[in-house]
Amino acid sequence: MYKTLVDNQINELFNELYEKCISISKKNNDEEYSINKINDVISRELNIRSKSMIVDVLYRLNEQVLSEPFFYDVSINNQFRRLNLIDSIPKEFPFSFNQFYYNYAYRNTRYIVISISLTVLGLLLIIKETKIFSISTLLMSIIIGLSIGSIAFEYNVWGPKRRQAHFELALNIYLKDLRDSYFDWFVKIENYFYLKVDEFKSIK
């Protein structure tokens, strides 16, 4: 039953989270700030929405169970209601999750590009000073220009675009796994609810 109740709500929730998180990452160049902000948004939204969604599901499950002939007896019905499963179960099973973490792997490429460019510039200076072999001024100027251009391109164009692409991929994977965990949480709570119902019936 939970699937028909919450599946669309969960998809909508995580689509909204993805859009909010992507917006945060695009507006801020400071990745540490973006990650902290994203975790704050995810934590706040899930804490608020999870409580309302799970209470709604439990309420509907509760009403469905109470409609069974077993609970037609007023005394049994009242005893079951006193278990107050709608309030007690969410407290026993709060939704917990790991925060989003981005490993900054893209920086390795930046270091490689810059290191190669600086190495080339260094070698050119050594060649010029030691005169190990001759190299034309034009060729040296071209190589220096390409090296400096590579560094500038890495910082201003290639690096930021690659960073954003990697960041969005990591965020997408994280939210997909989180959505699966969130859905599993509803499954566990529904199973636990029916377990408590069966326990109640077994002693009556």
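Reader: Which residues in H2 meet which residues in H3?
Author: Asn62, Glu63, Val65 and Leu66 in H2 meet Asn77, Phe80 and Arg81 in H3. Please keep in mind that this is a predicted model.

Reader: How do the residues of that contact divide into nonpolar, polar and charged?
Author: The contact of H2 with H3 is made up of three nonpolar, two polar and two charged residues.

Reader: How would one describe two packed helices in general?
Author: One gives the angle between their axes and the distance between the axes. For H2 and helix H3, which covers residues 74-82, the axes come within 11 Å and cross at roughly 160 degrees.

Reader: Are H2 and H3 then roughly parallel or roughly antiparallel?
Author: They are roughly antiparallel, because angles over 145 degrees count as such.

Reader: And is the crossing right-handed or left-handed?
Author: H2 passes H3 in a right-handed crossing.

Reader: Is Ser34 buried or exposed?
Author: Ser34 is buried, because its relative accessible area is 2% and the cut-off for buried is under 20%.

Reader: What does Ser34 touch?
Author: Leaving aside residues up to four places away in sequence, Ser34 touches Ile24, Ser25 and Asn28.

Reader: What about Val55, in which helix does it lie?
Author: Val55 also lies in helix H2. At 34% relative accessibility, Val55 counts as partly exposed, because that class lies between the limits of 20% and 50%.

Reader: How far apart are Val55 and Ile86?
Author: In sequence, Val55 and Ile86 are 31 residues apart. In space, the distance from C-alpha to C-alpha is 6.1 Å.

Reader: Now the whole chain, please. How many helices and strands does it have?
Author: The secondary structure of the protein chain comes to six helices and zero strands. Along the sequence, the pattern reads α-α-α-α-α-α.

Reader: What share of the residues counts as buried?
Author: The protein chain has 204 residues, of which 36% count as buried.

Reader: One last point: what share of the contacts comes from residues 24 or more positions apart?
Author: Among contacts in the protein chain with a separation of 6 or more, residues 24 or more positions apart account for 83%.

How values were computed
Residues numbered from 1 in each chain as written. Predicted model: local features only at pLDDT ≥ 70, side-chain atom pairs only at ≥ 80, totals over all residues. Heavy atoms only, no water. Helix = DSSP H or I, 4+ residues; strand = E, 2+ residues; numbered from the N terminus. Buried < 20%, exposed > 50% of the residue type's maximum accessible area, 1.4 Å probe, protein only. Contact = heavy atoms within 4.5 Å. Axes fitted to C-alpha atoms, helices over the stretch in contact; angles between N-to-C directions. Parallel < 35°, antiparallel > 145°, perpendicular 65-115°, else oblique. Left-handed = near helix turned anticlockwise from the far one by under 90°. Nonpolar A, V, L, I, M, F, W, Y, C, P; charged D, E, K, R; others polar.
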